Amino acid sequence: MPSYRPPKIASSEITPRSVYMKRREFLTAVAGAGVAIAGGKSAVADALNATKSNYTVDEKLTPLKDVTTYNNFYEFGLDKADPAKLSGNFKPRPWTVTVDGMVSKPGTFDIDALIKDFPPEERVYRMRCVEAWSMVIPWDGFPLSALLDKVEPLGSAKFVAFETVVRPEEMPGQSGVFQSLNWPYVEGLRLDEARNPLTLLAVGLYGETLPNANGAPIRLVVPWKYGFKGIKSIVRITLTDKQPLNTWQATNSQEYGFYANVNPAVDHPRWSQATERRIGEGGFFGANRHPTLPFNGYADQVASLYAGMDLRANF
Ligand SMILES: Nc1nc2c(c(=O)[nH]1)N[C@H]1C(S)=C(S)[C@@H](COP(=O)(O)O)O[C@H]1N2
Ligand SMILES: [Mo]
């Protein structure tokens, strides 16, 4: 049974050996094969030497190759292979993130200054896409709450809205025949969800700078929600008192909502959400189906956020 280990032991003892070994394997692969993963040695890798977190799951990591070549990022096309293939011209640096709206100290922050301010830590999270596939990914990032504390939300702020960059000249899915969604891709969280310690702004994965296909240079990770909440390549974060409309709800409100908490008991109108296909697991037919867990296995950490809410209605 997959389990989530809450933070309680010394950080020097917590990252499982398999994770270290994976990182070593990965670094070896980079050195040996010259894998182009956004610049090799990076601020992220440096910071990770100093900071390990105790957020992890006792499950096999999804191989790096699957994490970085099987993606949803419609700005680069609809096929799972498109983002890795078609994001070569995307420039994730220099980059700034503007935080504005209902805050005392709005600002525009350089990505590398943020990484210096908030040294990334490793978080191994399950990721469950609403399409019923899943991965286990070692992210590197910092809690969204740290950035929110810096800008000091006003008492009137109730929600956080997020926006992806619009650059049709670098993102082929934002123009021409590949046009699919309305841009920019937008997402939102309730402020208490945004402040939950699990909610991460990822700037890397597998100990290296975030690849373009995974949302470089900074993307949201909300592990108890379906993957579409994890907005990529963020340029703007706005505190507001109104529930923001998110891209997938705006596109098809019959199938996608605002909350999008992982829930095996509420099927998608077109498929079951009871089980999931774990990407990267070979084996014979059916061997890679896993049961989907309420709140993706993070119920102990987040179920209380929804006390009194009808979880079936608020999909
Ligand atoms: N801007 C933007 N963010 C996005 C998406 C997208 O198309 N555009 N796809 C979402 C979906 S549906 C999923 S499942 C995750 C996939 O993240 P990954 O490719 O890093 O696994 O990103 C989410 N974030
Ligand atoms: Mo998804």
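**The aromatic cluster**

A: Phe 258 is buried, with a relative accessible area of 4%. Buried means under 20% relative accessible area, exposed over 50%, and partly exposed in between, with a 1.4 Å probe and protein chains only. Tyr 259 is buried too, at 10%.

This is a predicted model: local features need pLDDT of at least 70, side-chain atom pairs count only at pLDDT 80 or more, and totals for chains, interfaces and linings use all residues. Residues are numbered from 1 along each chain as its sequence is written, chains are lettered from A and ligands numbered from 1 in the order in which they are written, and side-chain values use heavy atoms, with hydrogens and water left out.

Now the pairs. A pair of aromatic rings is described by the distance of the centres and the angle of the planes. Rings of Phe, Tyr and Trp (its six-membered ring) pair if their centres lie within 6.5 Å. Planes under 30 degrees apart count as stacked, over 60 as edge-to-face, and the rest as tilted. The whole structure holds 13 aromatic pairs. In one of them, the ring centres of Phe 258 and Tyr 259 are 5.2 Å apart and the planes stand at 90°, so this pair is edge-to-face.

Phe 295 and Tyr 306 make a stacked pair, with 5.6 Å from centre to centre and 10° between the planes. This pair links distant parts of the chain, as its two residues are 11 residues apart. Phe 295 sits in the loop between strand 14 (289-291) and helix 9 (299-302). Tyr 306 sits in the segment after helix 9. Helices (H or I, at least four residues) and strands (E, at least two) are DSSP runs, numbered from the N terminus. Phe 295 counts as buried at 8% relative accessibility. Tyr 306 is buried at 3%.

Which residues do ring pairs link into a cluster? They are Phe 159, Phe 258, Tyr 259, Phe 295 and Tyr 306.

Other rings carry a charge over the face. That term applies if NZ of Lys or CZ of Arg is within 6 Å of the ring centre and within 35 degrees of the ring normal. Arg 126 lies over the face of Tyr 298, at 5.1 Å from the ring centre. Arg 123 lies over the face of Tyr 55, at 3.7 Å from the ring centre.

Last, the setting. The protein chain has nine helices and 14 strands. Of its 315 residues, 54% are buried.
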